[in-house]
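Hi there,

Here is the structure I promised to pass on. Have a look at it first, and then read on for what turned up in it.

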Amino acid sequence: MDKLINQGTAWAALKKHQKYLAPVHLRDLFALDSQRFERFSIETCGLFLDYSKNRLTNDTLTLLQHLATEANLADWIARMFQGEKINNTERRAALHIALRNRSNCPISVDGKDVMYDVNAVLAKMRLFSNAVRDGKWRGYTGKPIESIVNIGIGGSDLGPAMVTRALNTYHHPRLQSYFVSNVDGAHLSETLAKLDPETSLFIIASKTFTTQETMLNARSARQWLINKLGNDKAVAKHFVAISTATQKVTEFGIDSAHQFEFWDWVGGRYSLWSAIGLPIALMIGQDNFEQLLDGAHELDKHFETAPLLKNLPVLMGLIDVWYSSFWGATTQAILPYDYTLALFPAYLQQLVMESLGKRVTREGNRVDYPTSSIIWGAPGNNGQHAFYQLLHQGTHLVPADFIIALDSQHDLPGHQEAVLSNALAQTHALMMGRNIEETRAELEILKSTSLQKGEIGKFDKLPHRVFPGNQPTNTLLYKKLTPAVLGKLIALYEHKVFVQSVCWGINPFDQWGVELGKQVASILLPTLQTDQEKTAHLGYDSSTKGLLNYIKIYRSR
């Protein structure tokens, strides 16, 4: 597609349609259609989506489908599942779907079926995780492992950390998990302070074994272990690697038999399904890890085969395009009413913004439309007492996804009813709001029931008690968060992001902006490590040179 998508007929029709809908309130759409909930909800793969509280009609969906057709969405879906190199800037396939291909149907890259290698790594993960969980894998002093420490960053941290946290009720009772990602020494130091070196296992997750933050943390953890146990031979009993760099892994002191492979066609933010998921398998067991894969595979098949407007990721993706490109929404809130998903918004920040934060098309043309929302959020009910004020009475249009478990993983009497009532109340209030007449009626009731005459004056002012409503939400329900359900949720958002990328004509599988920061940091680091005070000879801007000099003078003292 050489021309920009916003130059097509579907885009123009959607812009015109948005102007028609702009003055229409959501409460009016519900008043006009008693079947709106039934018309705009869908259930599949154990997930139920209510998207009726969105600023859309049947005409909107038809026009969005036309946009998807103009963007050749169905063709792009087929190309991804066929293993084509749709990551064009890196000349790679994007085959995270192969990692959870539980049907084992052949999936080829460069003429080779990758499923043999995928299954071989899964089998190796099973043998290793079983040995650790059964107490057969022993540390240098002969004690079984009790602490699992994952050292990685980005996709090698966010995905495994989120899933491990979410599935805490499935954890092995002897094992504790820790995730170290930040290069700030406080993160590693605070973690090491909790550990017994004799019972700790470190997983170093770096494809190239050169990632700056990961390897600095790994070398510091290695030295800590040697200092504590008195012999560098202990490294082989307490470190494993998830990497493709066999020589570097061996030089570190890790037995190559304890190196777990993954491939170039696995993007970092899509890698939790691979050996990067080893800390998950260690904590919940390989059987449950493969249930996670099963759930994702079920959603994959739905995405691959369902008609566009009966397709859960397609619907959610098109709705997001609708708000970003036609309503000017620059932000989206992710609001899980399931506390085990506390890290899900942070996980989605990388998935969405690293994938969609692009300013050129696949062909290198500059886009003149927004391509990604800013993703943020927190678990309900915490968010209700923090940022929901902005959602209800602020000036921003903030589409929100409410993700709700019908049953909690921890069944305490009365708790889940409170969670559910709050979640439903928020979606209702965000949609309906409260107009001036309703506010005035409520204040009359408050006046008549006030026990203290001095309080009546409080009820004379109205504007700050009015809520505009009309804030769009999706409500996504599931029974209980099991490994399979979590797999479906993650795959749903992965594919939703892909749908958006196709509609905007961008490549969601590269991240060159991340690389620029790494390159500059690698140049700055040696400067900070020298004793030379002044940096006037370096080719930085005056601000960066000034900051470098200030830091070096301070540290020299």
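How many nonpolar, polar and charged residues does the lining of the second largest pocket have, by class? The lining has 6 nonpolar, 9 polar and 1 charged residues; here Ala, Val, Leu, Ile, Met, Phe, Trp, Tyr, Cys and Pro count as nonpolar, Asp, Glu, Lys and Arg as charged, and the others, Gly among them, as polar.

Before the rest, some ground rules. This is a predicted model, in which local features need pLDDT of at least 70 and side-chain atom pairs count only at pLDDT 80 or more, while totals for chains, interfaces and linings use all residues. Residues are numbered from 1 along each chain as its sequence is written, and side-chain values use heavy atoms, with hydrogens and water left out.

**Pockets**

A pocket, on a 1 Å grid over the protein atoms alone, is an open set of points where a 1.4 Å probe fits, with protein on both sides within 12 Å along at least five of seven lines; lining residues have an atom within 4 Å of a point. A volume is the space filled by probe spheres set on the points, with grid points joined across faces, edges and corners.

The second largest pocket holds about 320 Å³ of space. It is lined by 16 residues, and Asp338, Tyr339, Ser408, Gln416 and Val419 are the closest to its centre. Helix H18 (residues 415-432) gives the largest share of that lining, 4 residues. (Helices are DSSP runs of H or I with at least four residues, strands are E runs of at least two, and both are numbered from the N terminus.)

The largest pocket has about 1000 Å³ of space. Its lining counts 39 residues, with Thr211, Gly268, Gln511, Glu515 and Lys518 nearest the centre. By class, 12 of the lining residues are nonpolar, 18 polar and 9 charged. Helices H10 (212-229), H16 (344-356) and H21 (512-529) each supply at least two residues of this lining, and H21 provides the largest share, 8 residues.

**The sheet**

Five strands make an open sheet, in the order E6-E5-E7-E8-E9, with parallel pairing. Two strands count as paired if DSSP finds at least two bridges between them. The edge strands, E6 and E9 (259-260), each pair on one side only.

Going through the pairs, strand E5 (residues 147-151) and E6 are joined in the parallel sense by 5 bridges, and Ser147 stands opposite Gln176 in E6. E5 also runs parallel to E7, again with 5 bridges; there, Ile148 has Leu201 as its bridge partner. E7 then pairs in the parallel sense with strand E8 (residues 239-242) over 4 bridges, where Ala241 is the partner of Ile204.

**A covered helix**

Helix H8 (residues 158-166) is mostly covered, with 7 of its 9 residues buried. Among the buried ones are Pro160, Met162 and Val163. Their cover includes strand E6 (176-180), helix H13 (278-284), helix H14 (286-305), H16 and helix H20 (483-504), where contact means heavy atoms within 4.5 Å.

**A few loop residues**

Most residues other than glycine have a negative phi, and most peptide bonds are trans.

- Phe209, in the loop between E7 and H10, has a positive phi near 60 degrees and is buried, at 6% relative accessibility.
- Arg91, in the loop between helices H5 (73-81) and H6 (96-99), has a positive phi near 55 degrees but is exposed, at 66%.
- The peptide bond from Gly380 to Asn381 is cis, with omega near 15 degrees; Asn381 lies in the loop between E11 and helix H17 (388-393).

Finally, Thr361 sits in the loop between H16 and strand E11 (374-377) and is buried, with a relative accessible area of 7%. Leaving aside neighbours within four places in sequence, Thr361 is in contact with Leu4, Val367, Tyr369, Trp504, Gly505 and Ile506.

Conventions: Buried < 20%, exposed > 50% of the residue type's maximum accessible area, 1.4 Å probe, protein only.
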